[in-house]
Each structure stands twice: as C-alpha cells, then as structure tokens.
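Take a look at the model below. The paragraphs after it go from the whole chain to single residues.

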Amino acid sequence: MANRITKERAELRELDLASLAGQLKAAKQEALNLRFRAATGQIDNHAELRAVRRRIARINTLIRQREIAAAEAGE
C-alpha cells in the first residue's frame, strides 16, 4: 500500500499546473459522489472518502507550492 501512495505522489508531482487543476476537479467530483452514496447507504468502503479527501489536500498542496515557487522566482 505504501508503494501505491508513493507512486501516486510521484505521478502528481510530474503533472503541470493545468493537469493538476483537472485532477483536482475530478477528485472533488468523486468526493461529492461518494458523499451522496454514503448518505444513501450505498457505499461499501467508507475509507474511500478519507482517501479522496487526502488526495484533494495533496493536489492543493502541490498547486500552492508551485504558486509560491513562481512568486519567489518572479521577485
């Protein structure tokens, strides 16, 4: 499992800003769908919600890191 997470993080780091924004949009849509499924009792694995929230946080962190790096490079 740790290898899968490490691999996912490495793949996210390789993406450009536009791709990260697309991944973020897809992850937020997935989180919305999971919340609806959880509310209606149709979800089997509630850990999926946590994993998607963490993926969203990871993507937001990468986007913010790149914004900060761009601002520092522009100074």
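pLDDT is the predictor's confidence in each residue, on a scale from 0 to 100. The mean pLDDT of this protein is 91, and 96% of its residues reach 70 or more. Among the elements, helix α1 (residues 2–14) has the lowest mean pLDDT, 81. Helix α2 (residues 17–39) has the highest, 95. This is a predicted model, in which local features need pLDDT of at least 70 and side-chain atom pairs count only at pLDDT 80 or more, while totals for chains, interfaces and linings use all residues. Residues are numbered from 1 along each chain as its sequence is written, and side-chain values use heavy atoms, with hydrogens and water left out.

Start with the fold. The protein has three helices and zero strands. Both kinds of element are DSSP runs, numbered from the N terminus: helices are H or I with at least four residues, strands are E with at least two. From the N terminus on, the order is α-α-α. The radius of gyration is 15 Å, well over the 11 Å that the globule rule gives for 75 residues, so the protein is more spread out than a compact globule. That radius is taken over C-alpha atoms, and the globule rule is 2.2 Å times the number of residues to the power 0.38. Along its principal axes, the C-alpha trace spans about 50 × 25 × 15 Å.

Now the surface and the contacts. The accessible surface comes to about 5,700 Å². Carbon and sulfur atoms own 52% of that surface. The areas come from the Shrake-Rupley method with a 1.4 Å probe; for residues, only the protein chains shown count as cover. Of the 75 residues, 19% count as buried. Buried means under 20% relative accessible area, exposed means over 50%, and partly exposed lies in between (1.4 Å probe, protein chains only). A contact means heavy atoms within 4.5 Å. Among contacts between residues at least 6 apart in sequence, 69% join residues at least 24 apart.

Next, helix α2. Its 23 residues reach 33 Å from the first C-alpha to the last. That is close to the 33 Å expected at 1.5 Å a residue. The expected span is 1.5 Å times one less than the number of residues. L20, L24, A27, A31 and L34 are buried in α2. Just after this helix, G41 takes a positive phi of about 75°.

Helix α3 covers residues 47–74. Its 28 residues should span 40 Å at 1.5 Å a residue, and its end C-alpha atoms are 41 Å apart, which agrees. Buried residues in α3 are L49, V52, I56, I59, L62 and I63. R64 also lies in this helix. The C-alpha atoms of R64 and V52 are separated by 18 Å, with the two residues twelve apart along the chain.

How many salt bridges are there? The count comes to three. A salt bridge is a side-chain nitrogen of Lys or Arg within 4 Å of a carboxyl oxygen of Asp or Glu.

Leaving aside residues up to four places away in sequence, E8 touches R55 and R58. E8 counts as buried because its relative accessibility is 17%. E8 forms a salt bridge with R55, the closest N and O atoms being 2.6 Å apart. E8 lies in α1 and R55 in α3, so this pair ties together parts that are 47 residues apart in sequence. E8 also forms a salt bridge with R58, and here the closest N and O atoms are 3.7 Å apart. R58 lies in α3 too, so its pairing with E8 ties together parts that are 50 residues apart in sequence.

Another salt bridge joins R64 and E67, with the closest N and O atoms 3.3 Å apart. Why are R64 and E67 separated by about one helical turn? They are three residues apart in helix α3. R64 counts as partly exposed because its relative accessibility is 47%. E67 is partly exposed as well, with a relative accessible area of 40%. Salt bridges that share partners, in turn, join E8, R55 and R58 into one network.
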